Amino acid sequence: MSAAASSVPAPGPASAQTSGPASAQVSASPQAPGVAELEAQEVRLTLRQFTYDDAWTLGCLLVELARERNAPVAIDIRRGPQQLFHCALPGSSADNDAWIDRKRRVVERYGASSLLVGTRFRAKGTTFENSSRLDPDFYAAHGGSFPLAVEGAGIIGTVTVSGLPQAEDHALVVEALERLRG
């Protein structure tokens, strides 16, 4: 693993932290939502179902949105341990795949989006890195990984984007899930 993939950005404003190399300026970073808004997103974006075709549709939506913005991202969708979709767009790197894995592990462990987990720690006046007692080489509570929850089944997988500042990674995933949900 490269040094860039294993390093943890210094604490600071959530919208300024990145989740991997970003070689192009995409847009002004959105303001990171607070705990209540992030929790409401997860409830609102619970899906009625999630099939292989839905994974393909969601992945293609993310690719389309990222290409429209010239976003140098990698995209990953999983149901349980099975990878259903993966795409690396120009400007992304293998470091983004390492960030995807680290953010996805946070969602799998905490059952909440990686941005929500990090935001909860910051709301308590600390950081995930300082207080979780988890190895930062394996876990990153930076925005971009979101739980795939299905009505009546709970969390069945994850969708993750890496390559932009964390609030932008998160916002891209939320926008695609909103479109998928309809």
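Predicted model: local features only at pLDDT ≥ 70, side-chain atom pairs only at ≥ 80, totals over all residues.
Visitor: How many helices and strands does the chain have?

Guide: Helices (H or I, at least four residues) and strands (E, at least two) are DSSP runs, numbered from the N terminus. From that end, the elements run α-α-α-β-β-α-α-α-β-β-α. The secondary structure comes to seven helices and four strands.

Visitor: What percentage of the chain's residues is buried?

Guide: Buried means under 20% relative accessible area, exposed means over 50%, and partly exposed lies in between, with a 1.4 Å probe and protein chains only. The chain has 182 residues, and the buried share of them is 51%.

Visitor: How far does helix α7 reach from its first C-alpha to its last?

Guide: Helix α7 covers residues 166-181, which is 16 residues. The expected span of a helix is 1.5 Å times one less than its number of residues. For α7 that expectation is 22 Å, and the helix comes close to it by reaching 23 Å.

Visitor: Which elements do the buried residues of α7 pack against?

Guide: Among the buried residues of α7 are His170, Leu172, Val173, Leu177 and Leu180. Contact here means heavy atoms within 4.5 Å. The buried residues of α7 pack against α2 (35-44), α3 (52-68), α4 (94-110), α5 (114-123), β3 (145-150) and β4 (154-162).

Visitor: Which residue follows α7 with a positive phi?

Guide: Most residues other than glycine have a negative phi. The phi after α7 is positive, near 75 degrees, and the residue there is Gly182.

Visitor: Where is Glu64, and what distance separates its C-alpha atom from that of Ala176?

Guide: Glu64 sits in helix α3, and Glu64 is partly exposed, with a relative accessible area of 42%. Glu64 and Ala176 are 112 residues apart along the chain, and their C-alpha atoms are separated by 9.5 Å.

Visitor: How are α4 and α5 oriented to each other?

Guide: Axes are lines fitted to C-alpha atoms, for helices over the stretch in contact, and angles run from 0 to 180 degrees between N-to-C directions. α4 and α5 pack at about 75 degrees, with their axes 8 Å apart. Angles under 35 degrees count as roughly parallel, over 145 as roughly antiparallel, 65 to 115 as roughly perpendicular and the rest as oblique. That makes α4, relative to α5, roughly perpendicular.

Visitor: Which residues make that contact of α4 and α5, and what are their classes?

Guide: On α4 the contact is made by Lys103, Val106, Val107 and Tyr110, and on α5 by Ser114, Val117 and Phe121. Ala, Val, Leu, Ile, Met, Phe, Trp, Tyr, Cys and Pro count as nonpolar, Asp, Glu, Lys and Arg as charged, and the others, Gly among them, as polar. By class, the contact has five nonpolar, one polar and one charged residues.

Visitor: How many residues of α5 are buried?

Guide: The buried residues of α5 include Leu115, Leu116 and Thr119. Such buried residues pack against α2, α4, α6, β3 and α7. Helix α5 is largely enclosed by the rest of the structure, because its buried residues number seven of the 10.

Visitor: Is Leu89 buried or exposed?

Guide: Leu89 is found in the loop between β2 (82-88) and α4. Leaving aside neighbours within four places in sequence, Leu89 is in contact with Val63, Ala66, Arg67, Ala71 and Val73. With a relative accessible area of 4%, Leu89 is buried.

Visitor: What is the phi of Arg133?

Guide: Arg133 lies in the loop between α6 (128-131) and β3. At 79% relative accessibility, Arg133 counts as exposed. Although Arg133 is not a glycine, its phi is positive, at about 65 degrees.

Notes: Residues numbered from 1 in each chain as written. Heavy atoms only, no water.
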